[in-house]
Amino acid sequence: MKHVKNAARARLVTGGAIVALGLAGVGAYSASAGGEDTAAAPATVTEAKTTHTTTRTHLTVAAATKAAKAVLDAAEAEDQRVTVAVVDRDGNAVVTLRGDGAGPQSSASAERKAYTAVSWNAPTSELSERLAQAPNLKDVPGTLFLGGGAPVTADGTPVAGIGVAGAPSGDLDEKFARAGVAALTAP
């Protein structure tokens with residue numbers, strides 16, 4: 001029993017020392033359960049040349065929320081129940097708001113429309129017309145070529161997409177998406 005207490009105490013003391021060293025920024029260390037300490041080489045940080053990097057502009061969560069609320073307000077003014085999704089340049093959801101009474105399929109559709117709009121930097125209604133010339137576009141994973149998606153640009157570069165789903169037509173969905181884009185340009 002004494003051996004067990006001493007082993008536990010040794011692990012506790014060793015663990016405490018390792019935490020203290022880690023907090024002090026001494027480097028990376030590991031301790032085995034058997035009480036043997038093995039030092040690992042400190043991690044090396046190498047800076048990439050700035051000519052090998054890019055800077056990207058993203059909407060803030062506050063701006064994405066402002067746009068989404070504008071969409072819901074525009075839809076509510078016309079007694080429509082929709083879901084709005086705002087995605088970043090990479091197609092990742094920033095904000096998704098499901099309006100009261102919106103259908104269960106509308107969340108996924110809104111995100112896919114937003115992703116499609118930002119991917120091609122064009123409203124999804126225009127993109128759906130392009131399917132006649134390039135029907136394979138619809139095979140790109142995660143896309144949805146129905147009206148209701150609008151791109152958001154900053155300095156001519158796509159930075160986000162707004163997708164709306166749930167209204168009886170893609171034209172209405174897209175009208176509401178444009179209300180979200182307009183909210184981002186208003187003071």
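Thr153 stands opposite Pro158 in β6. This pair belongs to a predicted model. Thr153 and Pro158 face each other where strand β5 (residues 149-154) meets strand β6 (residues 157-165). The two strands pair in the antiparallel sense, over six bridges. Two residues lie between the strands of this hairpin. There, Asp155 takes a positive phi near 55°.

Strands of a sheet pair through backbone hydrogen bonds, either parallel or antiparallel. Here four strands form an open sheet, and the pairing is antiparallel. The order is β4-β3-β6-β5. At the edges are β4 (93-98) and β5, each of which pairs on one side only. From one strand to the next, the twist averages 15°. Strand β3 (residues 83-88) is joined to β6 by six bridges, and β3 and β6 run antiparallel. In this pairing, Val87 stands opposite Gly161 in β6.

Two helices contact the sheet strands. Helix α2 lies across β3, β4 and β6. The direction of α2 is at about 30° to β4. Helix α3 packs on the sheet as well, touching β3, β4, β5 and β6. The direction of α3 makes about 155° with that of β6.

Val152 is found in strand β5. The residue counts as buried because its relative accessibility is 5%, under the 20% cut-off. Residues up to four places away in sequence aside, Val152 touches Leu59, Val181 and Leu184, among others. Its contacts also include Thr157, Pro158, Val159, Ala160 and Ile162. Asp88 is 64 residues from Val152 along the chain, yet their C-alpha atoms are separated by 9.3 Å.

Lys113 lies in helix α3 (residues 106-120). Lys113 counts as buried because its relative accessibility is 4%, again under 20%. Neighbours within four places in sequence are left aside in what follows. Lys113 is in contact with Gly147, Gly148, Gly149 and Gly163, among others. Further partners of Lys113 include Thr124, Leu144, Leu146, Val164, Ala165 and Asp173.

Helix packing was examined next. Two packed helices are described by the angle between their axes and the distance between the axes. Helix α2 (residues 61-77) and helix α5 (residues 170-185) pack at an angle of about 135°. Their axes are 7 Å apart. The crossing of α2 past α5 is right-handed. On the α2 side, the contact consists of Ala63, Lys66, Ala67, Ala70, Val71, Ala74 and Ala75. On the α5 side, Phe176, Ala177, Ala179, Gly180, Ala183 and Leu184 take part. The residues of this contact divide into 11 nonpolar, one polar and one charged.

From the N terminus on, the elements run α-β-β-α-β-β-α-α-β-β-α. The protein chain has 187 residues, of which 29% are buried. Contacts between residues at least 6 apart in sequence were also considered. Of these, 60% join residues at least 24 apart.

Note on methods. Residues are numbered from 1 along each chain as its sequence is written. This is a predicted model: local features need pLDDT of at least 70, side-chain atom pairs count only at pLDDT 80 or more; totals for chains, interfaces and linings use all residues. Side-chain values use heavy atoms; hydrogens and water are left out. Buried means under 20% relative accessible area, exposed over 50%, partly exposed in between (1.4 Å probe, protein chains only). Contact means heavy atoms within 4.5 Å. Two strands pair if DSSP finds at least two bridges between them. Axes are lines fitted to C-alpha atoms, for helices over the stretch in contact, and angles run from 0 to 180 degrees between N-to-C directions. A crossing is left-handed if the near helix is turned anticlockwise from the far one by less than a right angle, and right-handed if clockwise. Ala, Val, Leu, Ile, Met, Phe, Trp, Tyr, Cys and Pro count as nonpolar, Asp, Glu, Lys and Arg as charged, and the others, Gly among them, as polar.
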